[in-house]
Amino acid sequence: MYALKERYNKEIKEQLRTDLDIKNVHLIPKLEKIVVSVGAGDYAKEAKVMQNIADTIALITGQKAIITKAKKSVAGFKIREGMPMGVKVTLRNNMMYNFLEKLIVIALPRVKDFRGVSRNGFDGRGNYSFGLSEQLMFPEVVYDDIMVTHGLNVAIVTSTNSDKEAFRLLELLGLPFSKGR
């Protein structure tokens, strides 16, 4: 079940070492964590919908999702302190590799007219973020069980500070980047 992790340890690490000319094995880029999050938006006031979103994200990732709450009140946005704002899951180790493999092999190919994820999602520090328009691309999600379709954000955190090294790592892991810039 951990085919991507095994492939990283057996092939990709050595490939990265030669491609990036890294002498110290501890400096080879690796994945640290993946954060999957959903901003609730207009549904933040509805507890049942928030719980349904949390259950859907937990089903997709295989790990319990937490409902994030507002840290302070903002009158202009009609937000009170402690009000639910979104849902997130932080994946590490085996769960992280399982989710990434499921995303690459199963979910992304199911997107209509998919031409790859954008190359512009790097933050300058070796981390990559992108958004998905809906959760229905994952095979675990049953259409009849969801109350509202929503997108989700995926943030991939790597151990390197270089976007070039992080791009090469994700490319070797199989993340399908779009051809154009």
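**Note on the sheet and its helices**

1. Ile-34 has Ile-156 in S5 as its bridge partner. The model is a predicted one. S1 and S5 pair in the antiparallel sense, over six bridges.

2. On the sheet as a whole: it is open and has five strands, in the order S2-S3-S1-S5-S4. The pairing is antiparallel. S2 (66–69) and S4 stand at the edges. Each has a single partner strand, so one side of each lacks a neighbour in the sheet. On average, neighbouring strands are turned by 25° against each other, direction ignored.

3. Helix H3 packs on this sheet. H3 touches S1, S3 (84–91), S4 and S5. The direction of H3 makes about 65° with that of S1.

4. Ser-37 is a residue of strand S1. Leaving out residues up to four places away in sequence, Ser-37 touches Val-87, Lys-88, Leu-152 and Asn-153. Val-87 is 50 residues from Ser-37 in sequence, yet their C-alpha atoms are 5.5 Å apart.

5. H3 (residues 93–107) also meets H2 (residues 47–61). The two axes come within 9 Å and cross at roughly 95°. The helices are therefore roughly perpendicular to each other. H2 contributes Leu-59, Ile-60 and Thr-61 to the contact, and H3 contributes Met-95, Phe-99 and Lys-102. By class, that makes four nonpolar residues, one polar and one charged.

6. Lys-102 deserves a separate look. This residue of H3 has 16% relative accessibility and therefore counts as buried. Beyond neighbours within four places in sequence, Lys-102 is in contact with Leu-59, Ile-60, Ala-107, Phe-138 and Glu-140. Leu-59 and Ile-60 are among the H2 residues that make the helix contact.

7. Helix H4 (residues 163–173) has these buried residues: Ala-166, Phe-167, Leu-169, Leu-170, Leu-172 and Leu-173. Which elements do the buried residues of H4 pack against? They pack against helices H1 (3–19) and H3, and against strands S1 (31–39), S4 (128–132) and S5 (152–158). A general point on spacing applies here. An α-helix has 3.6 residues a turn, so residues three or four places apart point the same way.

8. Both ends of H4 have a local feature to check. At the start, a side-chain oxygen of Ser-162 comes to within 3.3 Å of the backbone nitrogen of Lys-164. Just after H4, Gly-174 has a positive phi of about 110°.

Terms used
Residues numbered from 1 in each chain as written. Predicted model: local features only at pLDDT ≥ 70, side-chain atom pairs only at ≥ 80, totals over all residues. Heavy atoms only, no water. Axes fitted to C-alpha atoms, helices over the stretch in contact; angles between N-to-C directions. Helix = DSSP H or I, 4+ residues; strand = E, 2+ residues; numbered from the N terminus. Parallel < 35°, antiparallel > 145°, perpendicular 65-115°, else oblique. Contact = heavy atoms within 4.5 Å. Nonpolar A, V, L, I, M, F, W, Y, C, P; charged D, E, K, R; others polar. Buried < 20%, exposed > 50% of the residue type's maximum accessible area, 1.4 Å probe, protein only. Polar contact = N/O pair within 3.5 Å; in protein donor to acceptor, adjacent residues only side chain to side chain. Pairing = 2+ DSSP bridges.
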